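Open the model in your viewer and keep the selection panel at hand. Each stop below says what to select and what is there.

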Protein chains: 2
Amino acid sequence: MPRRQQTSATSANRTQLTPDDWIDAATQVLVEDSINAVRVDVLAKGLQVTRGSFYWHFRDRDDLLTQILKRWADAATEQLINRFERSGAAPDTLVRELANLPFRGRTAHRSAAIDQAIRAWARRDEMARRAVDDVDAKRLSYIAHCFVALGHSIKEAQHRAFLLYSYMMGEALLKNQGTDAQRDDRRRFVETLLLGQAPAENVE
Amino acid sequence: MPRRQQTSATSANRTQLTPDDWIDAATQVLVEDSINAVRVDVLAKGLQVTRGSFYWHFRDRDDLLTQILKRWADAATEQLINRFERSGAAPDTLVRELANLPFRGRTAHRSAAIDQAIRAWARRDEMARRAVDDVDAKRLSYIAHCFVALGHSIKEAQHRAFLLYSYMMGEALLKNQGTDAQRDDRRRFVETLLLGQAPAENVE
């Protein structure tokens, strides 16, 4: 979203920043540093506005943090709804699309960077933990729908969804492992394995 | 490791801290906050010693950071060597043991917390990135050995190893998803799927 008054550097004009501008700036600091670095004075300096103008949009820092999580969760959920409920694609196509998501260039890279930064925050903050758990549960539930549509039991569909989602996170976290050709081959292997039937239980 | 002179609080005795004490303290700060919070003055204060005593053991902060990574990498590799080269267990047993690792209580929790903190650091530091890539490559290679021993081609063994390792990270990252019973069932499903034969390629 282009910032209004992009060319002006005066405080008077910069006060026309929207709440989203602050949330964007805060998310960027979160990605580049950590949640402890998300401080009103640092953000105000970066946005070239007074510290006081922050309080036109947010009650306090906690209010900003809540809204960072809310926007992330909304985007994560909306992305899923677009993909799953509006596409009308066959469930196996959707599974393949999901397996391909980590390779969607800059968008995937950016989205993974924000996810990872928020997960790092959630390691030591209960509010962030709840937001992450909620987003993970929604994503897993949507992915499981695909496997149910492919004829698996709900239980097995949930397991397959968990494994596919783990794989997607794995490709983001292990992005330097293997060549492009190996990654491509690996993705096809995972698709085939997850879209296939379960092997019979091994004798223990 | 019990700290020498545990009961004394004087600086003179506290200077008997070992390099490992500093590395432990730094790792703890890394887990609880972020790499930017790992500062010599903060650590010295926490350990109740002078800032100067740090320099008896380390050239500078970068030296400490290098050694945090080195110790983490050594522990991660040693853990694997113990498990794989000295156990003499059958490869399918090793695969099941790996799938069980995320559930090994406090040890697993602590180890996952350190891994995640170091991954968060590696998102924006080249030295940490290299250490993480190296540890991931070693872990993946060891896991792939199990699948080769089970008769899979090297390529397919690598894919199965990637999926198992992703699952292990998934259980650590998604630790609040599902009940204990569901997690247990999910683990058995993943073991069965990964220890089974690959289904025939689906027609695209």
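**Stop 1: both chains**

Select chain B and superpose it on chain A: a rotation of 180 degrees with 0.0 Å of shift along its axis does it, at RMSD 0.0 Å.

Before moving on, some ground rules. This is a predicted model, where local features need pLDDT of at least 70, side-chain atom pairs count only at pLDDT 80 or more, and totals for chains, interfaces and linings use all residues. Residues are numbered from 1 along each chain as its sequence is written, while chains are lettered from A and ligands numbered from 1 in the order in which they are written.

**Stop 2: the interface**

Select the residues of chain B in contact with chain A (C-beta atoms, placed from the backbone, within 7 Å). There are 42 of them, facing 42 residues of chain A. Elements giving two or more residues to this side of chain B are α6 (105-122), α7 (126-149), α8 and α9 (180-195) of chain B. Helices here are DSSP runs of H or I, at least four residues, numbered from the N terminus. The largest share, 11 residues, comes from α8(B). By class, the side of chain B that touches chain A has 18 nonpolar, 12 polar and 12 charged residues. Nonpolar means Ala, Val, Leu, Ile, Met, Phe, Trp, Tyr, Cys and Pro; charged means Asp, Glu, Lys and Arg; the others, Gly among them, are polar.

**Stop 3: helix α8 of chain B**

Select residues 154-173 of chain B. This helix has 20 residues and reaches 28 Å from its first C-alpha to its last, close to the 28 Å expected. The expected span is 1.5 Å times one less than the number of residues. Of the 20 residues of α8(B), 16 are buried, so the helix is largely enclosed by the rest of the structure. Buried takes 20 or more other C-beta atoms within 10 Å of the residue's own; exposed is 12 or fewer, partly exposed in between.

Now pick B:V148, in helix α7 of chain B. With 16 C-beta neighbours inside 10 Å, B:V148 counts as partly exposed. Not counting residues up to four places away in sequence, B:V148 touches B:I154 and B:A157.

**Stop 4: helix α6 of chain A**

Select residues 105-122 of chain A, a helix of 18 residues. Among its buried residues are A:D115, A:Q116 and A:W121. What covers the buried residues includes α2 (19-32), α4 (61-85), α7 (126-149) and α8 (154-173) of chain A, together with α6 of chain B.

**Stop 5: the cores**

Which residues have the most contacts inside the largest nonpolar core? Select A:A26, A:I68, A:W121, B:A26, B:I68 and B:W121; the core has 52 residues. Such a core is a set of buried Ala, Val, Leu, Ile, Met, Phe, Trp, Tyr and Cys residues joined through C-beta atoms within 7 Å. A second, separate core of 49 residues includes A:A99, A:I143, A:Y165 and B:L194.

Notes
Least-squares fit on C-alpha atoms with pLDDT ≥ 70 in both. Contact = placed C-beta atoms within 7 Å.
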